[in-house]
Structure formats: C-alpha cells, structure tokens
Amino acid sequence: MNDRRLIEQVRVVGSGLLGASIGLGLSAKGVDVILDDASPSTRALAIAYGAGRAPAEGDAPGLIVVAVPPDVVADVVAAELERYPDALVTDVASVKLAPLTELRERGADLSRYLGSHPMAGRERGGAVSARADLFIGRPWILAGHDGITYRRAAAIEDMVLDLGAVPIEMDVAVHDRSVALVSHAPQLVASLLASRLREGSGTALGLAGQGLRDTTRIAGSSPELWVQILGANAAEVAAVLRPLRDDLDAVIAALDDPEAPASRRVIAEALVAGNDGVSRIPGKHGQDKRYASLVVKVDDKPGELARLLTEIGEEGVNMEDLRIEHSPETRVGFAEISVLPEAAHPLATALEQRGWTLMEAER
C-alpha cells in the first residue's frame, strides 16, 4: 500500500493483545511483520489471525517492538538490541522509567532505544482479542530520554501514525506520573469498588445500571498483569491514592453524621470537585469539548440498532460516542448518543419524526 509511512521490516516480540494488534494493523498496511514469542503456540495463534509471519533466516528488521509483560521488558529489549545491532527498538509497556533505568545500568545501547506506550487496550487479552483498529485516535506516548533524539527514533513515530494513533512526546518520569493518575489509580479504584459487589444479593445486583458498569468496567482486567504494572509504578500510584483516601475519610465522616453543620457542604464539595474533574477529560481525538446526550429507546430485535445509526447518519450528524444499556426486565435497550451540543435539538426532533422514542436529553 502506498499510504504507509513505515518502510522498515518490523519485528514484534510478544504476540498478546498489543503485539498482535500492532501486527494486524501494520500487516494491513503492507508492512512485513515478523512475530516472535516465548510461547510457540501463542505465536502460532497470532500468525493464524494474520498478525504477521514466523521468523526466517535472513530477517533484518529496522524496527523492533517489544510487547511483553513489564517484569521482563528490560531483559527482552537488551537481548534485541544485542541481537540486531542496526535496529531501532521500542517497547509498549505502561511504565517507562523502570526499564530505562535498568537498561542504563546494564550499559545497553540507548542510542537505539526509545520506550513508548499506546494508551489503548481491552479488558480481555491475547491474540483472540486483537484488533487492527485498536489504536485509531488513541494517544501513543514516545517517552524520550537524553540518549536518543526523536529524529533518530522517527521510525517509531511512523509506526504510530500508520496505526492511526496520535504520537505525544513526553519525558519518562512525566509519563509514569501521568499514567498513575489517568490509568493505574483508576484501575485500583474500579477493582476495589467492584470487589464490594461480592457481598451484594442477586436482587441488588439485578438493579445494576450503566453507572455501575461504567465505573467497574476495567475491573475485569488481568490481575497478573496489573500486579506487575502497579509494582513498577508504585510510588506514583500511591501519591494519587493518598489524597483520594483523605477525601474518602472526609466524606465518610460526613455521612456518619449527616446532620452536622458542615456535613452537607463536605458532600456537596466532593460532588462539585468531581464535576470539575470530569469536565477536564478531553473528548474524541483529544478535543476539549463537552457533548450533549440523547437517550433513544431501541427495541431488542435484530436490525434496530443498525437502523438507528443509519438514520442518524442520514440526518448528517456525526456521532461522537455511543453507549448501550439493556433493561433487565423488558425486551428493550437504551442507546445513549453523544453529539455536539448544536446538533442535539435538530437530531432529537428528526428522530422523533422518524418514530423513535427519546427518553432523555441532557447538556
């Protein structure tokens, strides 16, 4: 294909979710992708899905992507740097300072290494969950250090752009501090909240709505992987959790005595602070925009959701986000459509004219 930037042969070491997704995306662009993995069966599965080919005599990769568990990243990167002395090497682990420090202590050739981190993933791992479009529109951090220039690492940026992601240059320490706030601490909070559900009755859990699903979705992630990630970024995650613990203690104290003079103010200020925080989360493609939401009732039968999406497109409206919630008691679902505020009222009117029932419209 002619629209790709990457001209190098690419070797991907590790064929789980990220490695296989990178392989799928680059292979779709016509890149020669070599897949390798410590597990032959894992590699064979990723190859069977079309993520690349097996290593062969004469391979000369210009770019190597290490997509292995965090606790072996430095070992594998060092081995790849030594095995392929002309190749540029990156890794996609979610912690960047620890492997860089270990590689520096080993005396590895850091002039050919730049760590990176795609801010994308799924709750389920493995090649069976891999997707060629996993990275489209997602930030991909290029974690710079003083041993290499971004110009020398241009092939990594080419790969990121070919996969549809948005490259962002960031210092390794800033990266680890940032992901502690937006990824690692939220994982723990979601897991701790979800753990409370073990004590809920079937009747109570039957009442669960989209709010609970939204706040606990990532709690289904792999404990083995997250133990490694959190251990590698422990200090930064703890720095996020300590003030959160203080806020929780203040709210709990207010709830213990809700009639005390300051209790309602403490609770209100906690909720307002949450409003302020969520308003800072960028929208689609990193845009700092707030969207309006329309909730449309969708009958639970084949083709209805597809019809709704088709008719939104026919109205010339770009859908910014979509969430689906099913009613546990009736054969209907609710599609929450996020659009730009100026498009909300015209779209609501058009959908009602087409026979759809709108349950709510907000913001």
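**View 1. Strands β5 and β6 pair in the antiparallel sense.** Strand β6 covers residues 139-144 and is joined to β5 over four bridges; two strands count as paired if DSSP finds at least two bridges between them. Helices (H or I, at least four residues) and strands (E, at least two residues) are DSSP runs that are numbered from the N terminus. Within this pair, S116 stands opposite L142 of β6. In general, strands of a sheet pair through backbone hydrogen bonds, and they do so in either a parallel or an antiparallel way.

This is a predicted model, in which local features need pLDDT of at least 70 and side-chain atom pairs count only at pLDDT 80 or more, whereas totals for chains, interfaces and linings use all residues. Residues are numbered from 1 along each chain as its sequence is written, and side-chain values use heavy atoms, with hydrogens and water left out.

**View 2. Four strands form an open sheet with parallel pairing.** Here the order is β2-β1-β3-β4, and the edge strands, β2 (33-36) and β4 (88-91), each pair on one side only. On average, neighbouring strands of this sheet are turned by 20° against each other, direction ignored. Strand β3 (residues 63-66) runs parallel to β4 and is joined to it by four bridges, and I64 has V89 in β4 as its bridge partner.

**View 3. L17 is a buried residue of helix α1.** Helix α1 spans residues 17-28. L17 counts as buried because its relative accessibility is 11%, where buried means under 20% relative accessible area, exposed over 50%, and partly exposed in between (1.4 Å probe, protein chains only). Leaving aside neighbours within four places in sequence, L17 is in contact (heavy atoms within 4.5 Å) with several residues, among them G121, R122, A127 and L134.

Conventions
Axes are lines fitted to C-alpha atoms, for helices over the stretch in contact, and angles run from 0 to 180 degrees between N-to-C directions.
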